[in-house]
Amino acid sequence: MSAAATQAPVKSPKLRRIALLGSRAVGKSSMTIQFVENVFVDSYYPTIENTFTKPISHHGQEYTAEIIDTAGQDEFSIFNGKHALDIHGYILVYSVTSKLSFDMIKIIRDKILNYTGTDWVPIVIVGNKSDLHGQRQITTEEGEELAALWNCQSCESSAKHNENIGRVFELMIGEIEQSTNVPEETNKKECLIL
Ligand SMILES: Nc1nc2c(ncn2[C@@H]2O[C@H](COP(=O)(O)OP(=O)(O)OP(=O)(O)O)[C@@H](O)[C@H]2O)c(=O)[nH]1
């Protein structure tokens, strides 16, 4: 038998599009840059929109995460339809130091569900800035209770200290895979990797 015949077939990575949504300055860009480039930038530059790609290995399957870091939302932002049509999963980010930002992810989820016309989409709730202990306005339990209510995953993170950032994206891939509705034709863009 030739060496080629004994080699396992190479599985193409699956493309998964993930959007980070949440109020301004909760750390969406910092989380993304920490995950993709392993750096933390202390200064604040409001985002318009950026897309990053990064390979993720999850349960023996390779994925290419296309990560869309969006401009911060407020209650007056019009939900951008393109964030609903083409996206496999949503990371809804609040800051544990801001009750307003926690309330904002509820508004954002309502807008997503309205737009998609469904009652469930893959979501991971993330309470970022967990390093700012003295400034907390939202407890870990409040985040967990909301996740239980929405039947989704949740986690707290610190982009600053690179705590749980990889986990956020792993949870997101897990939530997406759990949803049965991921059309395989979305893997076509595999040549975009890295
Ligand atoms: N202490 C602490 N500061 C953080 C953390 N994550 C982000 N920051 C800071 O919070 C500020 C806002 O961070 P960004 O990542 O720009 O926030 P954003 O959500 O992308 O903001 P928009 O682009 O306006 O939507 C910056 O000064 C960051 O350095 C964190 O985990 N801990």
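A residue counts as exposed when its relative accessible area is over 50%, as buried when that area is under 20%, and as partly exposed in between. These words are used throughout this report on a predicted model.

**Overall make-up**

The protein has 194 residues, and 46% of them are buried. Its secondary structure consists of 6 helices and 6 strands. Along the sequence, these elements follow the pattern α-β-α-β-β-α-β-α-β-α-β-α.

**Helix H5**

Helix H5 covers residues 140-150, and Glu 141 is part of it. Which residues of H5 are buried? They are Gly 143, Leu 146, Ala 147 and Trp 150. Viewed down the helix axis, these buried residues fall within an arc of 100 degrees, so they line one face of H5. Glu 145, Ala 148 and Leu 149 are exposed on the other side of the helix.

Charge is another feature of this part of the protein. A patch of negative charge on the surface is formed by Glu 141, Glu 142, Glu 144 and Glu 145. Glu 141 has a relative accessible area of 48%.

**A nonpolar patch**

The surface also carries a nonpolar patch, made of Val 39, Val 41 and Tyr 45. Together these residues have about 300 Å² of accessible area. Val 39 sits in the loop between helix H2 (28-37) and strand S2 (49-58). With a relative accessible area of 38%, Val 39 is partly exposed.

Most residues other than glycine have a negative phi. Asn 151 has a positive phi although it is not a glycine, and Asn 162 also has a positive value. Where does each of them lie? Asn 151 is in the loop between H5 and strand S6 (153-156). Asn 162 is in the loop between S6 and helix H6 (165-178). The table sets out their values.

| Residue | Phi | Relative accessible area |
|---|---|---|
| Asn 151 | about 55 degrees | 53% |
| Asn 162 | near 50 degrees | 38% |

Is Asn 151 buried or exposed? Its relative accessible area is 53%, which is over 50%, so Asn 151 is exposed.

Conventions. Residues are numbered from 1 along each chain as its sequence is written. This is a predicted model: local features need pLDDT of at least 70, side-chain atom pairs count only at pLDDT 80 or more; totals for chains, interfaces and linings use all residues. Side-chain values use heavy atoms; hydrogens and water are left out. Patches are made of residues with over 30% relative accessible area and no salt bridge: like charges are joined within 9 Å, nonpolar side chains (Val, Leu, Ile, Met, Phe, Trp, Tyr) within 5 Å. Accessible areas come from the Shrake-Rupley method with a 1.4 Å probe; for residues, only the protein chains shown count as cover. A salt bridge is a side-chain nitrogen of Lys or Arg within 4 Å of a carboxyl oxygen of Asp or Glu. Lys and Arg count as positive and Asp and Glu as negative; His and the chain ends are not counted. The place of a charge is taken as NZ of Lys, CZ of Arg, CG of Asp or CD of Glu. Helices (H or I, at least four residues) and strands (E, at least two) are DSSP runs, numbered from the N terminus. Buried means under 20% relative accessible area, exposed over 50%, partly exposed in between (1.4 Å probe, protein chains only). The arc is that of the directions from the helix axis to the C-beta atoms.
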